[in-house]
Amino acid sequence: MLPSIEGSYSNRDVFGWMNGEFAIGAIGSDQGILSQLGMGAAMIFETSDRPAAEATLKKLDAIAKSNATVSVAPRQVQGKEVTEWKIPQQGTLFGHGWLNENSVFVAFGGPLVDVITSTPPQPLSSSPSFQAIATSLPQVNQGYFYIDMEKTMSWANQYLLAVQPNLVSPPAAELLNSLRGVSVATASTQPTTAELEMLFAFKSNR
């Protein structure tokens with residue numbers, strides 16, 4: 001059972017320093033406290049106000065420390081200091097640290113703390129599935145969402161559909177399994193105009 005962590009802080013305390021770009025991703029993992037889910041999540045935020053960000057994280061750490069079932073301690077990973085919240089006999093639930101002077105990350109699940117602080121052997125930008133879509137995205141955009149359907153369906157077949165096999169109908173499953181990737185991008189070419197573009201990359205029949 002996960003611990004209950006409560007505290008009092010304003011929206012400005014939590015979100016005020018998040019004034020740069022951000023990224024949110026789900027990463028497959030079969031280890032650690034979230035192994036039963038088969039994945040964890042990580043987020044990276046750019047900020048121009050590092051002291052405010054650090055103050056917020058210290059407040060959250062203090063709230064976690066007030067819970068008897070959670071231990072909060074620093075750890076060195078790839079030359080970077082990260083702070084982890086651990087649950088006895090279960091492992092790391094949450095971790096945060098700085099990738100550089102202006103980019104802070106938070107990760108759910110112990111293995112993801114190590115993953116997010118390391119240079120990936122195969123970055124997303126080198127993925128053929130991602131490249132097939134990224135080259136077609138608008139050069140100027142306000143943000144985009146990308147999902148690797150091959151990895152997602154592999155995860156779903158192993159974890160989600162193994163428990164609820166009737167959750168997706170056979171025709172829908174066939175369609176989803178035919179996709180390599182899906183991306184959605186938003187752009188604003190004029191002050192009063194917003195554009196939404198959705199791209200699908202299909203697997204080759206060969």
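I started with the lining of the largest pocket by class: 22 residues are nonpolar, 16 polar and five charged. Here Ala, Val, Leu, Ile, Met, Phe, Trp, Tyr, Cys and Pro count as nonpolar, Asp, Glu, Lys and Arg as charged, and the others, Gly among them, as polar. A note to myself: this is a predicted model, where local features need pLDDT of at least 70, side-chain atom pairs count only at pLDDT 80 or more, and totals for chains, interfaces and linings use all residues. Numbering runs from 1 along each chain as its sequence is written, and side-chain values use heavy atoms, with hydrogens and water left out.

Next I looked up the lining itself, which has 43 residues, with Ile24, Gly25, Ala26, Ile27 and Leu124 nearest the centre of the pocket. Among the elements giving two or more residues to this lining are strands E1 (22-28) and E2 (39-46) and helix H5 (149-163). A pocket is an open set of points on a 1 Å grid over the protein atoms alone, where a 1.4 Å probe fits, with protein on both sides within 12 Å along at least five of seven lines; lining residues have an atom within 4 Å of a point.

Then I turned to E1. E1 pairs with E2 in the antiparallel sense over seven bridges; DSSP must find at least two bridges for a pair. I found isoleucine 27 opposite glycine 40 in E2.

Methods. Helices (H or I, at least four residues) and strands (E, at least two) are DSSP runs, numbered from the N terminus.
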